[in-house]
Amino acid sequence: MINKLIGCLLLLSLGACAQGPNNTTLNKTSMSANKNQYYSTTNKEKLVLPDCTWKQVLSPEVYQIAREKGTERPFSSAFENSKEVGTFHCAACGNPLFKSSAKFESGCGWPSFFEPITKSSIIYIPDHSHGMTRTEVECGKCKAHLGHVFEDGPPPTGLRYCINGVILSLEK
Ligand SMILES: [Zn+2]
């Protein structure tokens, strides 16, 4: 932990944290040597970390979605049509988000669910980017960007949680 902090400060002093997502050579090297020790499927406490630390413990793909609100290419996730049974957790922090029984095939190109595991698994944020009015959904524990929720889903909720597969981790 202390090593982590020192490493983080070091990176900060080198200005690496202030750089854009494309300048990740330094972080990539350190990242492959580090595991995400913050990932826990049982710890429910809110997780607040500086971007600098996230960059170290997450893969570049997960970091880009979770912390930079990226969107994976449609139809690129193996989870989109998967029928595997289990619980989908936040890939950044381990928070349980969706049950496979709440998953449905929406055909929209991203894994889709009609309800989260609990109300507090998810945070809802109005999103007016790209000239649209949408509702962004974030992880209730670490505030990772997950995707968006739309009101054209199936019963019983009528909701469609359109989620980036990269930010999901399936525990069977
Ligand atoms: Zn999370």
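Start by selecting lysine 143, which is found in the loop between β6 and β7. Helices (H or I, at least four residues) and strands (E, at least two) are DSSP runs, numbered from the N terminus. The phi of lysine 143 is near 60°, a positive value in a residue other than glycine. Most residues other than glycine have a negative phi, and most peptide bonds are trans. Lysine 143 counts as partly exposed because it has 19 C-beta neighbours inside 10 Å. The classes are these: buried means 20 or more other C-beta atoms within 10 Å of the residue's own, exposed means 12 or fewer, and partly exposed lies in between, with C-beta atoms placed from the backbone.

Before moving on, note what is loaded. This is a predicted model, in which local features need pLDDT of at least 70 and side-chain atom pairs count only at pLDDT 80 or more, while totals for chains, interfaces and linings use all residues. Residues are numbered from 1 along each chain as its sequence is written.

**Whole chain**

Zoom out. The protein chain holds four helices and nine strands. From the N terminus the order is α-α-α-α-β-β-β-β-β-β-β-β-β. Of its 172 residues, 31% count as buried. Two residues are in contact if their C-beta atoms, placed from the backbone, lie within 7 Å. Among contacts with a separation of 6 or more, 57% are between residues 24 or more positions apart.

**The six-stranded sheet**

Colour the strands β3 to β8. These six strands form an open sheet in the order β3-β4-β8-β7-β6-β5, with antiparallel pairing. Two strands pair if DSSP finds at least two bridges between them. β3 (103-104) and β5 (122-127) stand at the edges with a single partner strand each, so one side of each has no neighbour in the sheet.

- β5 to β6: six bridges, antiparallel. Select isoleucine 123, which stands opposite glutamate 138 in β6. Six residues separate the strands of this hairpin, and histidine 130 there takes a positive phi near 55°.
- β6 to β7: four bridges, antiparallel. Glutamate 136 stands opposite histidine 148 in β7. This hairpin has five residues between its strands, and lysine 143 sits in the turn.
- β7 to β8: four bridges, antiparallel. Glycine 147 stands opposite isoleucine 163 in β8.
- β4 (residues 112-113) to β8: two bridges, antiparallel. Serine 112 stands opposite cysteine 162. Phenylalanine 113 has tyrosine 161 as its bridge partner.

Stay on β8 and show side chains. Which way do Arg160 and Cys162 point, and which way Tyr161 and Ile163? Arg160 and Cys162 point one way from β8, Tyr161 and Ile163 the other way, and all are buried. In a regular strand the side chains alternate between the two faces of the sheet.

**The three-stranded sheet**

Next, select β1, β2 and β9. These three strands form an open sheet in the order β2-β1-β9, and the pairing is antiparallel. The edge strands are β2 (96-99) and β9 (168-171), each pairing on one side only. Three bridges join β1 (residues 87-90) to β2. For one of the pairs, pick phenylalanine 88: its bridge partner in β2 is phenylalanine 98.

**The core**

A nonpolar core is a set of buried Ala, Val, Leu, Ile, Met, Phe, Trp, Tyr and Cys residues joined through C-beta atoms within 7 Å. The largest one has 31 residues, and those with the most contacts inside it are Val62, Cys90, Ala92, Ala144 and Ile167. Elements giving two or more residues to this core include α3 (51-57), α4 (60-66), β6 (134-139), β7 (145-150) and β8 (160-163). The largest share, four residues, comes from α4. This core draws at least three residues from each of domain 1 (2-66) and domain 2 (87-171); the bounds come from an automatic or database domain assignment.

Centre on valine 62. Leaving aside neighbours within four places in sequence, valine 62 is in contact with Ala91, Ala92, Val166 and Ile167.

**Two loop stops**

Go to the loop between β7 and β8, where proline 156 lies. A cis peptide bond joins proline 155 and proline 156, with omega about 5°.

Finish at phenylalanine 75, in the loop between α4 and β1. Its phi is near 60°, a positive value in a residue other than glycine. Is phenylalanine 75 buried or exposed? Phenylalanine 75 is exposed, because 11 other C-beta atoms lie within 10 Å.
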